[in-house]
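Please examine the sequence and the model shown below. The report that follows describes the fold, the packing and the confidence of the prediction.

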Amino acid sequence: MENKLLDIFYSYEYVHLNARPEESPGLIYFQGASGELFYPFLNGGPEIIGELPSEELTDAKRSFRQWAMRNQIVSELIRFNPLTENHKQVPGRKRNSSAND
């Protein structure tokens with residue numbers, strides 16, 4: 001992700017400083033043919049840089065689920081970044097409607 005312009009929410013320092021003592025910040029990174037998925041835990045939600053076709057997004061989700069199972073992760077809370085509107089990059093996500101959409 002070198003030379004990529006990402007919001008401060010995606011810096012190690014920000015995530016680490018805002019983690020509670022019992023929380024373990026982490027990062028999922030997926031490289032596709034013409035895009036990348038960068039997903040830090042605890043803040044910001046996933047960001048896609050470039051393009052990831054639906055089959056690559058499916059591969060990324062599968063990889064994440066396998067990692068979660070190996071690490072006994074049973075739930076996920078995504079805090080999307082209101083500045084980058086990355087919620088629009090996540091197809092098929094379930095959400096409540098908002099007057100701000």
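## Report on the predicted model

E36 is buried, with a relative accessible area of 10%; buried means under 20% relative accessible area, exposed over 50%, and partly exposed in between (1.4 Å probe, protein chains only). The place of E36 is in strand β2, and its side chain is joined to that of Y29 by a polar contact of 2.4 Å. A polar contact is a pair of N or O atoms within 3.5 Å; within protein, one must be able to donate a hydrogen and the other to accept it, and residues adjacent in sequence count only if both atoms are side-chain atoms.

The model is predicted, so local features need pLDDT of at least 70 and side-chain atom pairs count only at pLDDT 80 or more, whereas totals for chains, interfaces and linings use all residues. Residues are numbered from 1 along each chain as its sequence is written, and side-chain values use heavy atoms, with hydrogens and water left out.

**Fold.** The chain contains two helices and three strands, in the order α-β-β-β-α from the N terminus. Helices (H or I, at least four residues) and strands (E, at least two) are DSSP runs, numbered from the N terminus. Of the 101 residues, 28% count as buried. The accessible surface is about 7,600 Å², of which 52% belongs to carbon and sulfur atoms; areas come from the Shrake-Rupley method with a 1.4 Å probe, and for residues only the protein chains shown count as cover. Among contacts (heavy atoms within 4.5 Å) with a separation of 6 or more, 51% are between residues 24 or more positions apart.

The largest nonpolar core has ten residues: I28, F30, L37, Y39, F41, I48, L52, L57, A60 and F64. Such a core is a set of buried Ala, Val, Leu, Ile, Met, Phe, Trp, Tyr and Cys residues joined through side-chain atoms within 4.5 Å. Strands β1 (27-31) and β2 and helix α2 each supply at least two residues of this core, and the largest share, three residues, comes from α2. Not counting residues up to four places away in sequence, I28 touches L37, F38, Y39, F41, F64 and W67.

Two aromatic pairs are found in the whole structure. One of them, between Y39 and F64, is tilted, at 5.8 Å centre to centre and 40° between the planes. Y39 lies in strand β2 (residues 34-40) and F64 in helix α2 (residues 54-70), so this pair ties together parts that are 25 residues apart in sequence. Rings of Phe, Tyr and Trp (its six-membered ring) pair if their centres lie within 6.5 Å; planes under 30 degrees apart count as stacked, over 60 as edge-to-face and the rest as tilted. Ring pairs link Y39, F64 and W67 into a cluster.

The table lists the relative accessible area of selected residues.

| Residue | Relative accessible area | Class |
|---|---|---|
| Y39 | 8% | buried |
| F64 | 15% | buried |
| Q72 | 70% | exposed |

Q72 lies in the segment after α2; its phi is near 55°, a positive value in a residue other than glycine. Most residues other than glycine have a negative phi.

The chain averages a pLDDT of 76, and 77% of the residues score at least 70; pLDDT is the predictor's confidence in each residue, from 0 to 100. Confidence is lowest in helix α1 (residues 12-18), at a mean of 77, and highest in α2, at 89. Over residues 96-101 pLDDT stays under 50, and the model has one contact beyond four places in sequence for them. Where pLDDT is low, the predicted coordinates should not be read in detail.
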